[in-house]
Amino acid sequence: MTQDDVYNETCGTEPMRYLATKPVMIVTTRHASGIVNAGVFGAYTNLSPTQVGVAVSAGGHTYANIIRSGEFVINVPGADLVKALAVIADKIPETRSEVEEAGLTIKDGIAVETPSIAECQAAVEFVFDRELPIGHHNFVIGKVVGGWIRRAVLDDDGRINIFKARVMKDFKYPKPLYVLPGEVIEG
Ligand SMILES: Cc1cc2nc3c(=O)[nH]c(=O)nc-3n(C[C@H](O)[C@H](O)[C@H](O)COP(=O)(O)O)c2cc1C
């Protein structure tokens, strides 16, 4: 099987559809050395059809890298990566990559220089737009420029199938407990 059979890669705004339900996600950025940094984030939201805002700790590597490089990638993990989240959320020095420490693989960026995590279900690429300081966090706003999704979890409407992708949402942070998508009701 080639990479083309596994991933659907796109430039533009379409990949915003891969963030349905805003599951817990992994932000990848690059250190100045080129080493790929990763952090776990739950506090984010869609702001427009092309913009996402993420509450990013002002003292962390993710924030410094976004401001320096002007880009970041939101990776959507499936439940198979639940154990990896604890490793990725750990404070690891800049000389090492959380992605490697977690036993995961990097995948080249499509519309940005920043790589994504190949084992995730989807990844959405952003360029830095603006920020708003709020307490110990900065609300970092990005504009979507590309991304990819595993073909196996892509619905006919271009959105991620959250049941097949088995996306998770944290609900007891900092305890490592997550919920999976459950019932659907029609309103
Ligand atoms: C489930 C979960 C959700 C988290 N959500 C956030 C968040 O929304 N914002 C934040 O700044 N840190 C959040 N964290 C903590 C970061 O993952 C952690 O501080 C990490 O070390 C940041 O990495 P960095 O130093 O590479 O930026 C979360 C951690 C977990 C496990």
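Helix α2 (61-69) has five residues tucked inside, namely H61, T62, Y63, N65 and I66. "Buried" here is a matter of counting: a residue is buried if 20 or more other C-beta atoms lie within 10 Å of its own, exposed if 12 or fewer, and partly exposed in between, with C-beta atoms placed from the backbone. Helices (H or I, at least four residues) and strands (E, at least two) are DSSP runs, numbered from the N terminus.

What do the buried residues of α2 pack against? Their partners are β2, β3, β5, β6 (71-76), β9 and β10. Packing rests on contacts, and two residues are in contact if their C-beta atoms, placed from the backbone, lie within 7 Å. Just after α2 comes G70, with a positive phi of about 75 degrees.

A word on what you're looking at. This is a predicted model, where local features need pLDDT of at least 70, side-chain atom pairs count only at pLDDT 80 or more, and totals for chains, interfaces and linings use all residues. Residues are numbered from 1 along each chain as its sequence is written.

**Another helix, α3**

Now turn to α3 (82-89). Its buried residues are A84, L85 and I88. Looking down the axis of α3, you find them within an arc of 110 degrees, so they line one face of the helix; the arc is that of the directions from the helix axis to the C-beta atoms. These buried residues pack against β2 (25-30), β3 and α4 (98-101). On the face turned away from the buried side sit K83 and A86, both exposed.

**Around the ligand**

Which residues come nearest to the ligand? They are G39, A43, S57, G60 and T62, out of 19 residues around the ligand. A residue is near a molecule or strand if its C-beta atom, placed from the backbone, lies within 6 Å of it. The largest share, four residues, comes from β3.

By class, the shell has nine nonpolar, eight polar and two charged residues. For this count, Ala, Val, Leu, Ile, Met, Phe, Trp, Tyr, Cys and Pro are nonpolar, Asp, Glu, Lys and Arg are charged, and the others, Gly among them, are polar.

Strand β10 (residues 137-150) is mostly covered, with ten of its 14 residues buried.

| Partner of β10 | Bridges | Example of facing residues |
|---|---|---|
| β1 (residues 7-11) | five | Y7 and R150 |
| β5 | seven | V54 and V140 |
| β9 (residues 122-134) | twelve | A122 and I149 |

Together β9 and β10 make a hairpin with two residues between them, and in the turn G135 has a positive phi of about 60 degrees.

Strand β9 also holds E125. Is E125 buried or exposed? E125 counts as buried because 27 other C-beta atoms lie within 10 Å. Beyond its neighbours within four places in sequence, E125 touches a list of residues including V73, G109, I110 and V145. E125 and R68 are 57 residues apart in sequence and 16 Å apart in space, C-alpha to C-alpha.

Y173 and P174 are joined by a cis peptide bond, with omega about 15 degrees. P174 is found in the loop between β11 (169-170) and β12 (178-179).

K22 is not a glycine, yet has a positive phi of about 45 degrees. K22 belongs to the loop between β1 and β2 and is partly exposed, because its C-beta neighbours inside 10 Å number 16. R166, also not a glycine, has a positive phi of about 50 degrees. You'll find R166 in the loop between α5 (162-165) and β11, and with 18 other C-beta atoms within 10 Å, R166 is partly exposed.

**Stepping back**

The chain has five helices and twelve strands. Its C-alpha atoms fill a box of roughly 40 × 35 × 30 Å, taken along the principal axes. Of its 187 residues, 41% count as buried. Among contacts between residues at least 6 apart in sequence, 65% join residues at least 24 apart.

Definitions and conventions:
Two strands pair if DSSP finds at least two bridges between them.
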